[in-house]
Amino acid sequence: MPLKEYELQTIYQAIRSQNKDTPIQVFGSHTHIRNFVKYDSKAAGLQSGRYLETIGWASINGVKNNSQFGAADEVSFHRRYIDNNILGFRYHTGLSASEFPTEHGKNTTSYITKVRHRLGLDQKYGCIPRDLYYSRSPFPGNDTIAAWMAYELLPGIAKKQFNQPNVTTFFMVNCGFMRSNLYQGPFLHDTSFTLTPFQDKIAVIRKVPYKAAVDISKRGLWDVSVFHEKLLSRSISYEQTSLRSRNFEPNNTNRDQPSVDNKKISTSTNSSTLLRGYITTDDGGSDGDDTLYSHLGAVVKPPPFMTAVTGLPDDGEPEYVDLAFNSFLTSMMLILLQNKGHDFDKSKVEYHSDEQIRDMISMWVKDNWIGNC
């Protein structure tokens, strides 16, 4: 749970109502940011980034061995955001490259290597031709994940999957389905899980009015509120709540900047030599980041979702189309259609196939990103 959401606020207030002076350390998650929050002089929360990029270090000075705290007792909270890489670990342990490895660690590395081989995670599908960024550059820049989805990936998948005579298909995928940057170099089986860890398949609603599909497509390109639509007569369901939380909140401001390459560490204070990466300012100030970086710039949110269309007639407009989308969007698509007065429910939704979209992406890479790297 995010540190400032009502759930943790409710828990904090309940504890504080019964224990007025007891120190409280909260650990939050989910919004993919580094953050430190002071609830009061004896309560703080720590949130340590995303995807295990960051090791969050929290400490409290002044805690007593007994549980009796009074108003006069003081505590202080400290936090550190440590980049999850071996250089940072060696720095904090004070060990050299030859001293740091342990027998247990080397055995674990060997085991992971064998498992990767057994799972085929090092299988190469193709070569990524250029760096593609999720939230570093604005759409439709050629270096964005969103532009690659819109102009290359989705049209390619749509053409291969929906090659039906006299049937127009709108294929939509939310940009939140992609979760990381792609860097020039090998695209491995492992890369596909890093890019999208979700097991979505393609869901389809048949016989959707063409104009409704066009309207949803246009709104989804720019309007984040499409993820917040709901019928006025319907209470918010668990699925709708999950839908909102896994995508972009319009008022959610990241306090840090996405790291370009946190496999490297720099101790230089010269801004011209620093790599670009996380710079965090929180309730504890601006000294929480363990590694110095230069400022990356504003976080640029990609459009909510992208659309590819296949099978349009040469002349005129079709009356109806097939509306295809990654299965995570099922509830949202039904709500958007119902809000437009169309009578669609879950009984109208079917799966295009059992193949996961992640595997379709790997096959697209194999067919299109050919080369040596």
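Arg-116 is partly exposed, with a relative accessible area of 23%; partly exposed sits between buried (under 20%) and exposed (over 50%), using a 1.4 Å probe and protein chains only. Keep in mind that this is a predicted model, where local features need pLDDT of at least 70, side-chain atom pairs count only at pLDDT 80 or more, and totals for chains, interfaces and linings use all residues. Residues are numbered from 1 along each chain as its sequence is written, and side-chain values use heavy atoms, with hydrogens and water left out.

So what does Arg-116 form with Asp-190? The two make a salt bridge, with their closest N and O atoms 3.2 Å apart. That term means a side-chain nitrogen of Lys or Arg within 4 Å of a carboxyl oxygen of Asp or Glu. Asp-190 belongs to helix H5 (residues 189-195) and Arg-116 to helix H3 (residues 103-119), so their pairing ties together parts that are 74 residues apart in sequence. Helices here are DSSP runs (H or I, at least four residues), strands are too (E, at least two), and both are numbered from the N terminus. Asp-190 is partly exposed, at 25%.

Arg-116 also forms a salt bridge with Asp-122, at 2.7 Å between the closest N and O atoms. Asp-122 is partly exposed too, at 44%.

Now jump to Lys-211 and Glu-317, whose side chains meet in a salt bridge (3.4 Å, N to O). Lys-211 lies in helix H6 (residues 210-222) and Glu-317 in the loop between strand S10 (305-310) and strand S11 (320-326), so this pair links parts 106 residues apart in sequence. Lys-211 is exposed at 62%, and Glu-317 is exposed at 52%.
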